[in-house]
Amino acid sequence: IASPVMYLFAEFDDAANLLAANPDATTISIDEPVEIPKNQHSRRQETGREEDDELLGTDDSDKTELLAGQKKSAPFWTFEYYQMFFDVDTYQVLDRIKGSVFPVPGKNFVRLYIRSNPDLYGPFWICATLVFTIAISGNLSNFFIHLGKPTYRYVPEFRKVSIAATTIYAYAWLVPLALWGFLMWRNSKVMNIVSYSFLEIVCVYGYSLFVYIPTAILWIIPQKVVRWVLMIFSLCLSGSVLVMTFWPAVRDDNRRIAFATVATIVLLHALLAVGCL
Amino acid sequence: FAGLADVSISEDIPVEGEITVPVGSHSPDEDYSTLDEPVRDTILRDLKAVGKKFVHVMYPKKSSTLLRDWDLWGPLVLCVSLALMLQGGSADSKDDGGPQFAEVFVIIWFGAVVITLNSKLLGGTISFFQSLCVLGYCILPLTVAMLVCRLVLLAGSGTVSFIIRLIVVAAMFGWSTLASTAFLADSQPPNRKALVVYPISLFYFVISWMILTFTPQ
């Protein structure tokens, strides 16, 4: 690809703009109307083509929105490549968490919060917190259930941590992988306007798991009714985030496949809730 | 240079002075000479460095000596002693017991590595081993808490002892987090400090949980 060579000949402004780019080369966005005609027919848009247009076209600074769709060309074995996925500030992470806990109907989580900057900080640490919260609260609820009985000796069940960790991390990474593969396959058959990159799907799943953390803490209360109500409530909340995110991606498809996809997403989420809590 | 041909040093002015260039620091000499010193001096020097860092952790002030001369002896000693003290708790074969030695070891070191990677990925300027060193040394308050807990448990294991243990462990958890934040927070970009402090507090929380739930057989 000749595009790295073209960096050498670019104006300083262009180079500075390109260096300030955020990674996201494979998403199509309706927010940037200039790019839609070019991007519509090739999802895996080579970054070279976009950069060529940037170099040849105007280079004003208000085109940084367009540049938000470009990847910094760091090879994957360097540290800088992975730093691209942690390019978030505190307030951004907090905003994304808020967006996942209070889903606004009609607003797409990905488009609203993540569009140009999927991060791995949120999913990773939310999963880690969830693992420990589930283990600890499961332990505590056992303790409170058996509190009065004289034959009960308290044991900190440490095995639970490893099981919980495996389950949650597998869910947060393998299910997005499968979903992404499925969406890519459907995209090749049916033209869709909206498609998400793998990192964005991981992001949505990660942030949607956040609402399970307070649920797991409240799960210590040993009343069955309270537990069921809590679980259904949190399932609806995080499920709605997922549904609202993925519905635009499948609605242009065959009716039955669209419904099946969404139903599978919700079902897997419910299984996770029931299994963990 | 015709004019210089006439310059000559007269015989009666003595020419003297030093030709050797004064060295700024004597460390190359020291490195050579540490080979000859008795082993006790070498060990004592390292022990003094470790001890000085312990003192820095107990009274955290922003000093750069902890960061500059990192070593991993202190963290290793603390980790091993903490893992040893967490042994002997409900090690029945049929139910889930407390954490095994290997589990504690892995959690501490793996957790410290993950937190260091996290802070570096977020743009921190601290080096890998410096961060490991600080995180390891700041386990010292929790090790002290573990000692206190074991002593309290020797006296009895009722509600009163639980409350005492809870207070002690909570106080040491706060101390650990504050100490490590005092050392590490400066090297982070300012609008990401909370993102770096949160995993550190989660790490020490998990260790505190393991200490608090320790029940002897």
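Colleague: From the N terminus on, how do the elements of chain B run?

Modeller: Starting at the N terminus, the elements of chain B follow one another as α-α-α-α-α-α-α-α-α, and the total is 9 helices and 0 strands, where helices (H or I, at least four residues) and strands (E, at least two) are DSSP runs numbered from the N terminus. This is a predicted model, in which local features need pLDDT of at least 70 and side-chain atom pairs count only at pLDDT 80 or more, while totals for chains, interfaces and linings use all residues. Residues are numbered from 1 along each chain as its sequence is written, chains are lettered from A and ligands numbered from 1 in the order in which they are written, and side-chain values use heavy atoms, with hydrogens and water left out.

Chain B has 217 residues, of which 40% count as buried (under 20% relative accessible area, with exposed meaning over 50% and partly exposed in between, for a 1.4 Å probe and protein chains only). Among the contacts in chain B with a separation of 6 or more, 76% join residues 24 or more positions apart, a contact being heavy atoms within 4.5 Å.

UniProt, in an unreviewed entry, places the feature "transmembrane region" at residues 70-89, 101-122, 134-156, 162-184 and 196-215 of chain B; such annotations may be inferred rather than shown by experiment, and the feature names are shortened and the positions given in the numbering used here. Taking two of these stretches in the model, residues 134-156 of chain B are 87% helix and 0% strand, with end C-alpha atoms 35 Å apart, and residues 196-215 of chain B are 85% helix and 0% strand, with end C-alpha atoms 32 Å apart.

Thr213(B) sits in the segment after helix H9 (193-212) of chain B, and Thr213(B) counts as buried because its relative accessibility is 7%. A polar atom of the side chain of Thr213(B) lies 3.0 Å from the backbone oxygen of Trp209(B).

Turning to the partner, 32 residues of chain B are in contact with 25 residues of chain A. The two chains bury about 2600 Å² between them, 64% of it on carbon and sulfur atoms, buried area being the accessible area (1.4 Å probe) that two parts lose on being put together, summed over both. The rule finds 1 salt bridge across this interface, that is, a side-chain nitrogen of Lys or Arg within 4 Å of a carboxyl oxygen of Asp or Glu. Arg192(B) forms a salt bridge with Asp89(A), and their closest N and O atoms are 2.9 Å apart.

Between chain A and chain B, 6 residue pairs are in polar contact, both residues at pLDDT 80 or more (N or O atoms within 3.5 Å; within protein, one must be able to donate a hydrogen and the other to accept it, and residues adjacent in sequence count only if both atoms are side-chain atoms). On the side of chain A that touches chain B, helix H6 (79-83), helix H7 (90-101) and helix H9 (121-145) of chain A each supply at least two residues. The largest share of that side, 9 residues, comes from H9(A). The residues of the side of chain A that touches chain B divide into 16 nonpolar, 4 polar and 5 charged, where Ala, Val, Leu, Ile, Met, Phe, Trp, Tyr, Cys and Pro count as nonpolar, Asp, Glu, Lys and Arg as charged, and the others, Gly among them, as polar.
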